[in-house]
Protein chains: 2
Amino acid sequence: MAQARQLLLTPGPTDVPEPVLEALRRPMIHHRTKDYQAIFGKVNAGLKELFRTREPVVTFASSGTGAMEASVVNLLSRGDKVIACHAGKFGERYRDLARVYGCEVVEIRRPYGKAVRPGEVREALQGHPDAKAVLMTFLETSTGVVHPVEDIAGITRRSGAVLMVDAVSGMACDPLEMDAWGVDVVVCGSQKGLMLPPGLAFLAVNERARELAERSDLPKYYFHLGAALKALAKEDTPYTPAVNLVYGLEASLGLILGEGLPKVWERHAKIASKVRGEIKGLGLSLFPENPSNALTAISMPEGVVSDALIKSMRSEENIVMANGQAQLKGKMVRFAHMGDTAREEPARRGLNALTRALAGVGYVPVNGKR
Amino acid sequence: MAQARQLLLTPGPTDVPEPVLEALRRPMIHHRTKDYQAIFGKVNAGLKELFRTREPVVTFASSGTGAMEASVVNLLSRGDKVIACHAGKFGERYRDLARVYGCEVVEIRRPYGKAVRPGEVREALQGHPDAKAVLMTFLETSTGVVHPVEDIAGITRRSGAVLMVDAVSGMACDPLEMDAWGVDVVVCGSQKGLMLPPGLAFLAVNERARELAERSDLPKYYFHLGAALKALAKEDTPYTPAVNLVYGLEASLGLILGEGLPKVWERHAKIASKVRGEIKGLGLSLFPENPSNALTAISMPEGVVSDALIKSMRSEENIVMANGQAQLKGKMVRFAHMGDTAREEPARRGLNALTRALAGVGYVPVNGKR
């Protein structure tokens, strides 16, 4: 029996819509041509709309981690002090990146599932007025928390430190206003809210960030921001771009901006609210304190191991949700409604599958309680 | 009038065959699953066959330059002496990469169009017995020269220096035997002989190279070889892989290894010989002294600027060849027969188009002479 196409409800990669898949298979063209420049020019304008910025957005052929590294090696210098906020796996990654490149890291650590507190960032900046940057995550995919970027940007923009935000996850799902909020650096990847396959990463830098970059002494080549910005001015890249993924990006930006970014945010908010409500109605609790609209991270009730639920949804219904990562493995189901799956029908299918899987392991919700 | 599909006769990117384009558009799956491991495992075995090695071949989501950088940052240390052989733009890139990361570079410079001489490498190693590595290019795409990797490997493998070969261009076109020749490091990209879109890069490392990597003190994160090798042992990657390009890689390896790599090499040799013969028959001369089978770099006769030929082939026949790069712009047409275009029909179309374009600018070959 032929199974229905897999429904991917993981928080990245996300399901890629048909028009984007179709774009990926367009024949190869050479990237140093007017034909490619026309596509890349359109894409670059679209990326600015997506990031809500007038600043340049650089595209790299890499995964999101590559653009995180690009932000570190281009803006910072050996021995620079940075404040790294973390409350999950991806926040830790940004901290680790700064350490690998010889920065002195002041940590603001919050427990997994909690959000970074702006007051702690203010105190850290007061205690370390020589800090060059604050590093933080937008949507911490490992816990489902969306961190308060707007509030923290309100602090950093009046400080001497730039704010660097890893928005690989959360972009085009939860509202993020780079220019209006005063975020200096925004990093993004292709395989989440952008509904593309992995393989592209983005780095937006405002003037404050570009000035800092001019003083950076860290070694870089493939991820060289100066070279990328110079090429970008001619709708070009220093090294060969991932042309077919850029075809896909043109299609996905068309879908997102055609719908209108605020409408896309609203759609995520509406579906997230519905999913959260039903999850609570099943007597389950949410893991994060400030949940993203792209992802519902569900704590497991006593006696239920998430592996069993995930395995049964996968084998019985061809629906894929994610387990917890690292210390949260077995303790969490991460149910994404991100990009093209932030819609009634896939969310409904996910909720039904999860309800059946819970019943399959003997979990019985009674009047919203176990 | 609908124009025929563009024929891409540039030396990377190359035309992507239909079965590979079709593979690119397969629906997204999650990369931390057995389904993906099965594909990646098959691909990893295929890459070893392609590289003619039993050693691990790491895949990065990046362009080829990323894997060149990976070879430098993982094997070398600050202050290490390296011998960089160059006779074109890509050889210079490898040298520049080593310099950016603080290596002391001994240059073996040959004029554009010439091949590196093994004797010079032997002398350099005798003069610098403390050199940790020899860096060289396999097919120097900017000039069409294939450098004598086998002969140089015969020297380096009896020395204390590892041989690092940038085979981004040339792989699956000109014969390259990593293990049999004793090449320590081979770098490759996706958009040339592999007939894929750009966006994947590869790094194969033998035991000598892995031992050197253990002592490396250069900073790295995204391109961390140790992390990649550890993940590779489980058919995994440290960071999100470019899944759809890996689908394409599975298809392209299927085509290449299905035909048989030695047959693919023979096909390139046969077409290259034919193209070279006809080019000479037109009274034109070849630029490189040791031409690759993947690419015919044609010097322009007096009074002919290559831009005019390239523009007319493009607009009249929808055939794209490449100009010379940097100081060779205007002085050269680079006619690739690489991957899927190393066949009678596309080569014939290219030769006919070039002949007509030459006539269009008033060039008249007479009995093989002007």
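I'll start with helix α11 of chain A, residues 261–281, which lies across β11, β12 and β15 (332–336) of chain A and runs at about 15° to β12(A). Helix α12 of chain A, residues 306–317, also packs on the sheet: it touches β14 and β15 of chain A, and its direction makes about 40° with that of β15(A).

Some conventions. This is a predicted model, in which local features need pLDDT of at least 70, side-chain atom pairs count only at pLDDT 80 or more, and totals for chains, interfaces and linings use all residues. Residues are numbered from 1 along each chain as its sequence is written, chains are lettered from A and ligands numbered from 1 in the order in which they are written, and side-chain values use heavy atoms, leaving out hydrogens and water.

Helices (H or I, at least four residues) and strands (E, at least two) are DSSP runs, numbered from the N terminus. Contact means heavy atoms within 4.5 Å. Angles run from 0 to 180 degrees between N-to-C directions, with axes fitted to C-alpha atoms, for helices over the stretch in contact.

Now the sheet. It is open and antiparallel, in the order β11-β12-β15-β14 of chain A; two strands pair if DSSP finds at least two bridges between them. β11 (285–286) and β14 (322–323) of chain A are the edges. Two bridges join β11(A) to β12(A), residues 295–299, and A:Ser285 has A:Ser299 as its bridge partner.
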